[in-house]
Amino acid sequence: MSQRPVYVLGISAFYHDSAAALVCDGQVVAAAQEERFTRKKHDPRFPVHAINACLEAAEIEAEELAGAVFYENPLLSLDRILRSVAGAGEAALPSWLEGLPGWLRTKLFFEELLREELGQEIPVLYSEHHLSHAASAFYPSPYDEAAILTIDGVGEWATTTLAEGDADGLRVHQEIRFPHSLGLLYSAFTQYCGFRVNSGEYKLMGLAPYGEPIYAERIRDHLIDLREDGSYELAMDHFAFVAGETMTNDLFHGLFEGPPRERESRIRKKDADLAASIQAVTEEAVLCMARHLRKHTGCRNLVMAGGVALNCVANGKLLREGIFEKLWIQPAAGDAGGALGAAYVGSHVYFDVPRVDAPAPGRDRQRGSYLGPAYSNEEVRSFLDLHDLPYEVVSDDERARETASALATGQVVGYMVGRTEFGPRSLGARSILGDPRSTETQSVMNLKIKFRESFRPFAPSVLLEASGEFFDLEIESPYMLLVAPVKEEIRLPVASDAGAEDEDNLIAQVNQKRSSLPAITHVDYSARVQTVDGVDKPDYHAVIREFQELTGVGCVVNSSFNVRGEPMVLSPWDAYKCFMRTDMDVLVVENFLLRKTEQPKFEDHENWQEEYELD
Amino acid sequence: MGRNLFEHHPILGYRFVPGLRARVRHEGGGYLVRCNQAGFRCDHEAKRERPSGQRRLLLFGDSFTAGEGVSNRFRFGDLLEARAPDLQVLNFGLPGSGTDQQYLAYREFARKLEADALLLCPMVENVRRNLDTHRLTQSATNGQLVLRAKPYFTLEDGGLQLHHQPVPKNVVAKSEFEEAGHVSNLRQVETVASPLRTRWRALGAELDTRLPGVRGFSRRLRGVRWPMDYEDPRSPGWKMMAAILERWITEAQAPVLLAPLPTTDHVMGDLVAEGIHARFAELAERSGAQFVDVLPALRSEPRNVLRRFRFAKDDHPTRLGHGLLAAALSEAVAEVLPRAKRVAA
């Protein structure tokens, strides 16, 4: 007798990056972030569209769900909030009074919201924030057993968790609790350097190589007591995040000799030095925790999740240190991934579903993280035809050839093929592609397409089989979560006086050609690598392989398909709008190819540069 | 924005995106939409030959038939199919359509298909849609309501004259539309969406909650009839609908069941349906179709069951409503199909 499949829905919401994920019999079926549908970056609202997308992908009715799991425990969070308010005193009251009613209306009424959305009474379970992260790191990983490290801002109480996973499930060994938080320490510097918390951390990491870690000692002496086993405590008198929205206080500002940088003002050498310093301290902390975890668990494999696990520079260092033999990081390491973890917790812990076998030895169970919605050729054609947009229909082979050919002649291509990525990185399903050999690619893509800060580097997508030609990277990096050094052989010498006359002039440094792949070589000769194989993403692999045929270089520039502040495009209409609003030359949507020169005048009724709040 | 369910079609005005797989959020909890390559919400491909050993019913109508609010397998067409193991139902339901577009769907997509019977299910409200030249629809790109052309017929010298072929794609500006004197559901939509109407509906809903059945009772006492087009056989709405249906029934290559679908208010007995019954019965009589009146079977259900015939806000039938419709239709369908086999033999 066949048993009914056990479908478990995981949901994360109400903080930032709401998402839903669906696991069937222990295998992820779908996962999506709400922001992609609502077009509001980091949308924290109850993820009605993402839930819909998950059920749509599985083609199931809501009543077929065995249960739904919320990624954290709202009562524990409330406990932390109330205690924090009590501890912080009167100063904290106004901001909490403002935020608390909304919080209570949503988190505590999760079941009601879900019932309203699905029109069904289904069993509702609650996980814990870091347990969800741990599950999202372990269950989809390739390993039968692994040590688990989760680090982020804060969950209910935990901010850092050291755990272990194997056939018997997940066991949390140690945790560090709020307010001591490595994630919030990094966010404090993010805000101090003029970037937005919960989205600007990535920029701070990108800025770090332009600076020197001259403040690292000061951070260790005054802000964090970091111990050999990786445990730590923050000097809370320098921070304001317990009392409200601001991360830092006057004591912090005094320590670094000045107020925070104004947002969108010119980035100074000091900001780069601060970035380099907090990056160094973060890496040190992560390495200490990893060493301790290895010793404590004896595991050879490490898996990671939580927002700090998106720090691919630290991840790269961790890999090269060789503390663990193998490393796997959940690509949706932030709160969105908590939805996936929650679904796994429900599936394996509550419903006792056995873990599925990995698709092949060494391969993970994340399906390349291509877990979001896709659009059929018919849907694309109907959109293009309705608006009489000129296009060419191309076969899969022609698509690869035409895309590669456009890239090889220096054109920038918007590429939208297949299911969208789950997680913050574009992995070739919703990507803007460029020629990595061109010195102009970085500035053109940053300033005329992405409309973002010019210092920000671009990442390479490289054929897995060609990765060793360009990067010192021993393992696969399918999720763009590892930074690796560019090979010595392709590096170029840089004029030693570049930017010397004005140390705040980052542009001068950016414009230095550092390798034969200048568009993806960061200022410190590193690159945030995505290796591409022909299994999870054959269409993208074919594009890069064709590019290799044409140029001898099996590598392209890959940036997320959006403009600054915009969530990654999801639908053909999103892609077309972004294509027409920017200097992209070619748009590929499934088996349709559009050239900018052939498109009719685009009448943009929206003031789009104000449509997206700058991140 | 959700997925776009429809695409432009030069004959019908629009159809479902062929091959679409989608889930639509809805007050009932959401529903799954699965379409065939012909662009209709049907699990079967519309192949010319009927499957070996099976009888085939071609089903036409609007969103009631297409099943807005419920997944494919819970619609009355699919439930009819589930009741008879050797029956294939091809669903050509087109949401928002008039009888004109439903007839064009038959001509364009179904006329050449092998079939044992046609089941025409015009929703009684469709009588007004046949007079519209444009319809207010939701934009695929920004979700705004926009006016788009639809195909429509006029009666000229007693014959039907088809217009808007091919159906223009462009969106019509409201000002341009009003100047040209086109007919559409614009005023109807605007009236429905007006603050006063919204408030009125809210009050009505409140009354239904506090004093269930009072409004219906009041209507029954007053003998309210609606739509009024059915009260006079010479009304423009009915004349147009009758002309289209007569032509359709004449052209059909198989027996036709004519089963107008009532609104919930008709089902509950809150609105008088005598005019509707009379018009469709007369039409069936003169055209050779078989009139199927689903109201007696539906009204035989207890009122507390009938209250769940439709969704709380959305007028469309719930799963239960579709189940009741299938039960009400099943006898007539069962009767006509063996006869069809004999005819075919």
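The model is predicted, so local features are reported only at pLDDT of at least 70 and side-chain atom pairs only at pLDDT 80 or more, whereas totals for chains, interfaces and linings use all residues. Residues are numbered from 1 along each chain as its sequence is written, chains are lettered from A and ligands numbered from 1 in the order in which they are written, and side-chain values use heavy atoms, with hydrogens and water left out.

Over all chains, a search of the whole structure finds 41 aromatic pairs (rings of Phe, Tyr and Trp, the last by its six-membered ring, with centres within 6.5 Å; planes under 30 degrees apart are stacked, over 60 edge-to-face and the rest tilted). Phe239(A) and Phe241(A) make a tilted pair, because their ring centres lie 5.6 Å apart and their planes meet at 50 degrees. Phe239(A) is buried at a relative accessible area of 6%, and Phe241(A) is buried at 8% (buried means under 20% relative accessible area, exposed over 50% and partly exposed in between, with a 1.4 Å probe and protein chains only). Both residues belong to a cluster linked by ring pairs, which also includes Phe178(A), Tyr192(A) and Phe256(A).

In chain B, Tyr106(B) and Trp248(B) form another tilted pair, with 5.9 Å between centres and 35 degrees between planes. This pair links distant parts of the chain, from helix α3 (residues 99–110) to helix α9 (residues 236–251), across 142 residues (helices are DSSP runs of H or I with at least four residues, strands runs of E with at least two, numbered from the N terminus). Tyr106(B) is buried, at 1% relative accessible area, and so is Trp248(B), at 0%.

Attention now turns to the sheet. In chain A, five strands form an open sheet of mixed pairing, in the order β8-β7-β6-β11-β12 (two strands pair if DSSP finds at least two bridges between them). Its edge strands, β8 (169–177) and β12 (326–329), each pair on one side only. Strands β6 (residues 146–151) and β11 (residues 301–305) of chain A run parallel and are joined by four bridges; Ala147(A) stands opposite Leu302(A) in β11(A).

Helix α6 (residues 129–138) of chain A packs on this sheet and touches β6, β7 (158–166), β8, β11 and β12 of chain A (contact means heavy atoms within 4.5 Å). Helix α11 (residues 269–297) of chain A also packs on the sheet, touching β6, β7, β8 and β11 of chain A.

Terms used: Axes fitted to C-alpha atoms, helices over the stretch in contact; angles between N-to-C directions.
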